[in-house]
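Here is a short briefing for a first look. Have the sequence and the model side by side as you read.

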Amino acid sequence: MILSIVHRATGVALYFGTLLLAWWLIAAASGPSAYSYVQGFMGSFLGRLIVFGYTWALLHHLLSGIRHFVWDLGYGFKPNERETLTWGALIGGISLTVLVWIVAYAVGGGR
Amino acid sequence: MSNARAKSMRTPLGRVRNLGAAHSGTGDFWRQRITAVAMTLLIVPVVVVVIMLLGRNQAGAAQILGSLPIALIMLLFVVASCWHMKIGMQVIIEDYVHTESLKLIAIMANNFFAVTVAIASIYALIKLSTGV
């Protein structure tokens, strides 16, 4: 039940998080100084924390949304199925976030 | 004969068909799903693009973002996400804001925000692709 409001809350977080994506694209289009400013912010401890939170919100909302697709199609309404879908979204979201960050550090960390 | 029947030739069923409880149709419900499916398909390419850009300077990032397939992936993702978040936020506003004037202002602000973020991102991507 609590996951329903988490879906909504991550949606709201992503709503404002889109500003990060827009800021980053605009900086890339603007020039080196604007881009290095964004990189400086995203690379700071606070920046990394925000981007990590954004990654989790995105992936959790994605998996939680797939859960809604299953329900939209008329499946997964039995109590045990609901539990499985909900725990799957929760655990899957956290696991995928950690996985993406490991890959990001492995690939991008050396550059 | 009831009043409603006197005003209109339409049957009660015809009046409510395809409208649902909100009395304004299922268009947004459907678009919310379409954009969600689009982003589900785009999420892996988008994450790959972001990881490709990590640790690069502006020149490197601009070169990658300026390539056609990557610009297309990002454009589609920006359009789908801004549309999706506009609909989602409108649902939240309609759920929690019950003062009519405040609701109107909130829905307008929501539209302005979503369109501004979308247009700004699209403009940046086009600028990166054309190099102007």
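The model is predicted. By that count, chain B has 6 helices and 0 strands.

**Chain B overall**
- From the N terminus, its elements read α-α-α-α-α-α.
- Chain B has 132 residues, and 21% of them count as buried.
- Among contacts in chain B with a separation of 6 or more, 71% join residues 24 or more positions apart.

**Helix 3 of chain A**
- This helix covers residues 45–72, which is 28 residues.
- At 1.5 Å a residue it should span 40 Å, and its end C-alpha atoms are 40 Å apart, so the two values agree.
- Its buried residues include Thr55(A), Leu58(A), His61(A), Gly65(A) and Arg67(A).
- The cover over its buried residues includes helix 1 (2–30) and helix 4 (79–108) of chain A, along with helix 3 (27–53) of chain B.
- Just after the helix, Gly74(A) has a positive phi of about 95 degrees.

**Helix 3 against helix 5 in chain B**
- Two packed helices are described by the angle between their axes and the distance between the axes.
- Helix 3 of chain B packs on helix 5 (residues 68–96) of chain B at about 140 degrees, with axes 8 Å apart.
- Their crossing is left-handed.
- The residues of this contact comprise 15 nonpolar, 5 polar and 2 charged.
- On the helix 3 side they include Asp28(B), Arg31(B), Met39(B) and Leu42(B).
- On the helix 5 side they include Ile73(B), Phe77(B), Trp83(B) and His84(B).

How values were computed: Residues numbered from 1 in each chain as written. Chains lettered and ligands numbered in written order. Predicted model: local features only at pLDDT ≥ 70, side-chain atom pairs only at ≥ 80, totals over all residues. Helix = DSSP H or I, 4+ residues; strand = E, 2+ residues; numbered from the N terminus. Buried ≥ 20, exposed ≤ 12 C-beta atoms within 10 Å, placed from the backbone. Contact = placed C-beta atoms within 7 Å. Expected span 1.5 Å × (residues − 1). Axes fitted to C-alpha atoms, helices over the stretch in contact; angles between N-to-C directions. Left-handed = near helix turned anticlockwise from the far one by under 90°. Nonpolar A, V, L, I, M, F, W, Y, C, P; charged D, E, K, R; others polar.
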